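Student: Could you take me through a close look at a single residue and its surroundings, with the cut-offs behind each term?

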Amino acid sequence: MEQNRVMRQQIEEEIKEVEAKPNPRIKVRLLPIWLRLLIVIGLIFIAVLSGALLGYSVIGGGPAMDVFQKSTWTHIIDIVNKGA
């Protein structure tokens, strides 16, 4: 009976020691968060540009590089504003 109590105390002490120690596992990130954000923003930018290129050339039937001209966007804005 006494041995069981002593063993239980030892086990409880060991559990307390393990719980008291800080977690030795260090989480190493392959990419830092700021780099992830930059990558996501870059991918969004590329997606918007490629969508505009494809939309203007495939759906609109115009030359693909005309989508970057200022006159194209002023024409689109004029069409949108006339409709409102």
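Tutor: What follows starts from the residue Tyr 56 and its helix, and then turns to the chain as a whole.

This is a predicted model, in which local features need pLDDT of at least 70 and side-chain atom pairs count only at pLDDT 80 or more, while totals for chains, interfaces and linings use all residues. Residues are numbered from 1 along each chain as its sequence is written, and side-chain values use heavy atoms, with hydrogens and water left out.

Tyr 56 lies in helix α2, which covers residues 33-59; helices here are DSSP runs of H or I with at least four residues, strands are runs of E with at least two, and both are numbered from the N terminus. The end C-alpha atoms of α2 are 37 Å apart, which agrees with the 39 Å that its 27 residues should span at 1.5 Å a residue, the expected span being 1.5 Å times one less than the number of residues. Just after α2, Gly 61 takes a positive phi of about 80 degrees.

Gly 61 is also among the residues that Tyr 56 contacts once its neighbours within four places in sequence are left aside, the others being Gly 62, Pro 63, Asp 66, Val 67 and Thr 72; contact means heavy atoms within 4.5 Å. For Asp 66, which is 10 residues from Tyr 56 along the chain, the separation of the two C-alpha atoms is 8.2 Å. Tyr 56 counts as partly exposed because its relative accessibility is 25%, where buried means under 20% relative accessible area, exposed over 50%, and partly exposed in between, with a 1.4 Å probe and protein chains only.

Turning to the whole protein chain, there are 3 helices and 0 strands, and buried residues make up 2% of its 84 residues. The C-alpha trace spans about 90 × 30 × 20 Å along its principal axes.
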